[in-house]
Amino acid sequence: MAESIYETFQLFDTDKSGSVDVDELREGLQKTIKLQLSEEEAIRLMNAFDDNGDGVLQPSEFKSVEDFKRKFEEFVRKEKEVATAARVEARLQRKERDDPGKRNIVV
């Protein structure tokens with residue numbers, strides 16, 4: 001498996017610098033699994049795996065494409081949960097504002 005990850009790393013490292021930057025990560029994920037990321041999403045993904053915080057991935061920090069995909073899906077799930085909670089909170093606040101005499105009990 002380590003050899004496979006290193007081979008994938010080499011595919012992502014298009015400038016052969018020995019590290020994968022955000023643009024290379026985006027391009028590599030697009031080419032390998034058709035995962036289209038915004039720059040912000042790619043930066044968040046990079047930060048999740050960039051152990052030494054230098055803004056690029058070295059071979060030792062590089063994970064399998066499946067690991068990148070799982071982490072990205074985790075980000076998306078969490079964002080949806082936060083957005084849903086924010087919508088519920090906003091509805092409750094509007095309801096309280098529109099009818100301040102009634103108490104809303106959430107179970």
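## Contacts along the chain

Of the contacts (heavy atoms within 4.5 Å) between residues at least 6 apart in sequence, 43% join residues at least 24 apart. The model is predicted, with local features requiring pLDDT of at least 70 and side-chain atom pairs pLDDT 80 or more, while totals for chains, interfaces and linings use all residues. Residues are numbered from 1 along each chain as its sequence is written, and side-chain values use heavy atoms, with hydrogens and water left out.

## Secondary structure and surface

The chain has four helices and zero strands, in the order α-α-α-α. Both element types are DSSP runs numbered from the N terminus: helices are H or I with at least four residues, strands E with at least two.

Of the 107 residues, 26% are buried. Buried stands for under 20% relative accessible area, exposed for over 50%, and partly exposed for values in between (1.4 Å probe, protein chains only).

## Nonpolar core

A nonpolar core is a set of buried Ala, Val, Leu, Ile, Met, Phe, Trp, Tyr and Cys residues joined through side-chain atoms within 4.5 Å. The largest one has 19 residues, and Leu25, Leu29, Leu45, Leu57, Phe62 and Phe68 have the most contacts inside it. At least two core residues come from each of α1 (2–12), α2, α3 and α4.

Beyond its neighbours within four places in sequence, Phe62 contacts Ile5, Thr8, Phe9, Phe12, Val20, Leu57 and Phe68.

In α3 (residues 39–49), Ala42, Leu45, Met46 and Phe49 are buried. These residues lie on the same side of α3 because they cover an arc of only 100 degrees around the axis, taken from the directions from the helix axis to the C-beta atoms. Exposed Glu40 and Asn47 sit on the face turned away from the buried side. The cover over the buried residues includes α2 (22–33) and α4 (65–98).

The axes of α3 and α4 come within 10 Å and cross at roughly 115 degrees. Axes are lines fitted to C-alpha atoms, for helices over the stretch in contact, with angles from 0 to 180 degrees between N-to-C directions. From α3, Glu41, Arg44, Leu45, Ala48 and Phe49 meet Asp67, Phe68, Lys71, Phe72, Phe75 and Glu79 of α4.

## Ser19

Ser19 lies in the loop between α1 and α2 and is buried, at a relative accessible area of 15%. Leaving aside neighbours within four places in sequence, Ser19 contacts Phe9, Asp13, Glu24, Val56, Leu57 and Gln58.
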